[in-house]
Amino acid sequence: MNWTATLLFLGIVAITLGITWWASRRTKSASDFYTAGGGLTSTQNALAIGGDYMSAASFLGIAGMVALSGFDGFFYSVGFLVGYIIVLFLVAEPMRNLGKFTVADMITARYADQKVRGVAALNTITISVFYMIAQLVGAGALIKLLMGFDFKWSVLIVGVLMTVYVLFGGMTATSWVQIVKAVLLIGGTVVISVMVLHKFGWSIGGMFHQMSTVKDGYLSPGLKYKNGWDSLSLMLGLVLGTAGLPHILVRFFTVKNGVEARKSVVKATWIIGIFYVMTVFLGFGAAKFVGAEKITAQDKAGNMAAPLLAQALGGNFLFAFICAVAFATILAVVAGLVLTGAGAFAHDIYNGIIRKGQATERDQMKMARFAALGVAIVSILLSLGAQDLNVAFLVSLAFAVGASSNLPTIIMTIFWKKFTKGGAIFSMIIGLATALILVILGPNVLGPTGMLKTGHAIFPLSTPGLFSIPAGFLAAIIGSYLFPDKKSKDEHEQAFDEILVRASTGIHVHGQEKEEVPMGA
Amino acid sequence: MNDEHDYKAIAKLASFVKFQRQRIAFTVPITLLAVVFYLGLPILAGFTKVLTHKAIGDITWAWLYAFAQFIMTWGLCMLYLFKAKSFDKTSADVLDDVKTMEAAAVAA
């Protein structure tokens, strides 16, 4: 048991519970619960997006991956960042202008249909659970390293905490936990980066020179990804995945309009980009000052590289501090994921479908709380089978699923006139199914080191994106021809005109109804 | 759904058609170009050896290509922010036209 670390952990827990208590008193309506009442500023939301996005995968996973595999680990940093171009240019403003609480709201703005809503909600829940598995694996490794608890207990602690945040504090608590975490994470990473640079004599060229001798081929691609198709598939999933991640997309509903959503993305991209540049220092530092052997001895997949680097550089206090930051990172992301998954269940499936939109706010919030528990339990069970995998890699699977099942429908809903309700359902189901089946048939489940250890993978690539993303887009097109809308051509076109006008002008934005009255008059 | 606005008529407004065309002409080609530039990295890294050569000191082309993507992302973000200001103006014109149109409809 590391007492400094334990105290800092308890400090983080106390701060976040304080935020939750404060937020719970301000959470009165469903809108407060799902979107913090749409009242965040773009800077607050940018930090919260950063806090939501720079997960255990970014901090623990990439640092470990760069430390062990050199340049190939940096693929992740590039992919995670460039994805924001698609978010900003194509998705963020339409999402805010059309949606209310969930991703399904945005799609059903065009197709007011229960099945569309149900499938979209199912997608949201699946992607969020996938993403959460990665965070829980990181949490388990971390708590085990510090306190010696068993993996199961570690995961359970995180599970209970995040459920408390979401149950009582809703989006307000989640956002502020994410903001605090983003500041802590950037701060901690800057401290380590400066120390690493100092150790390398403040010379970038010198740093690369010293790293070139760590391992043969360390500074070139190909150390980890021998198969070009494998890295292409990974990278395609990363760049298109961000715009399909429900827990990121719902963050746009927490600001008042499309302009604020746009500003939040730009500010978030700066914050996130600066962080990803620093993953180079984390990874190089860990490789040089901790060493691959010691990193893998602690955690096979390299997930503990950053905390071990902190220990090597700054002794026990820095180690404990960085572990506490990583712990806060995981809590913040997991709270966002649980809230998103539970929101999809309570708002879309329970209120939208089962109660036909008639549920009281109290009922909805009660249901959201049950759903939060459900999402947490399922993720915990699944994470127990994924303990030995690198968390950045695990997250890349969630990205691939998001890019295959969500993104095609989001893009087509906004841009394609001939897209139909049937096309949307078909695309979401095919995208999701293809991605999941390829993961199961791939090396991570069936392979020699996979979850089932049968020793033989049927699908050769470790991520499904290269096939499942085109499958999702193709299914959108084919589905629209196979299942034309029953409405008349005129009605179909009118629904698209409405989407086009609302998405681009922001006329009739949810949460802005009051201001809108004079305009309609 | 909501019938406060005649969306079909708005979609036909000259100002709206122009606005839409402007936005698409800017956002879609740039997004596609950015994705192509981005995918160049895994393609060149996975199927050729060009990125393994040293560019500056011990820094290989792979790192320079990767860092160039950071510059691209930030640059495009700022460009979008700049362009979006003019889009907001056009969008305000559209909303003005909508008001005029709806006022005329009420009067008639």
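**Close-up views of a predicted two-chain model**

**View 1. A salt bridge within chain A.** In this predicted model, A:Lys421 forms a salt bridge (a side-chain nitrogen of Lys or Arg within 4 Å of a carboxyl oxygen of Asp or Glu) with A:Asp113, the closest N and O atoms being 3.3 Å apart. Because A:Lys421 lies in helix α18 (residues 421-441) of chain A and A:Asp113 in the loop between α6 (103-108) and α7 (114-147) of chain A, the pair ties together parts that are 308 residues apart in sequence; helices here are DSSP runs of H or I with at least four residues, numbered from the N terminus. Over all chains, the whole structure has eleven salt bridges.

**View 2. The interface of chain A and chain B.** With contact taken as heavy atoms within 4.5 Å, 57 residues from chain A and 55 residues from chain B take part. The two chains bury about 5400 Å² between them, 76% of it on carbon and sulfur atoms, where buried area is the accessible area (1.4 Å probe) lost on putting two parts together, summed over both.

**View 3. A salt bridge across the interface.** Between chain A and chain B the count is two salt bridges, and in one of these the side chains of A:Arg262 and B:Asp88 meet at 2.9 Å, N to O.

**View 4. Helix α5(A) against helix α2(B).** α5(A) and helix α2 (residues 14-47) of chain B pack at an angle of about 170 degrees with their axes 10 Å apart, the axes being lines fitted to C-alpha atoms over the stretch in contact and the angles running from 0 to 180 degrees between N-to-C directions. That angle makes α5(A) roughly antiparallel to α2(B), a term for angles over 145 degrees. Among the residues that meet here are A:Phe71, A:Phe75 and A:Val78 of α5(A) and B:Phe26, B:Tyr38 and B:Leu41 of α2(B).

**Conventions.** Residues are numbered from 1 along each chain as its sequence is written, and chains are lettered from A in the order in which they are written. Local features need pLDDT of at least 70, side-chain atom pairs count only at pLDDT 80 or more, and totals for chains, interfaces and linings use all residues, while side-chain values use heavy atoms, with hydrogens and water left out.

Definitions and conventions. Helix = DSSP H or I, 4+ residues; strand = E, 2+ residues; numbered from the N terminus. Parallel < 35°, antiparallel > 145°, perpendicular 65-115°, else oblique.
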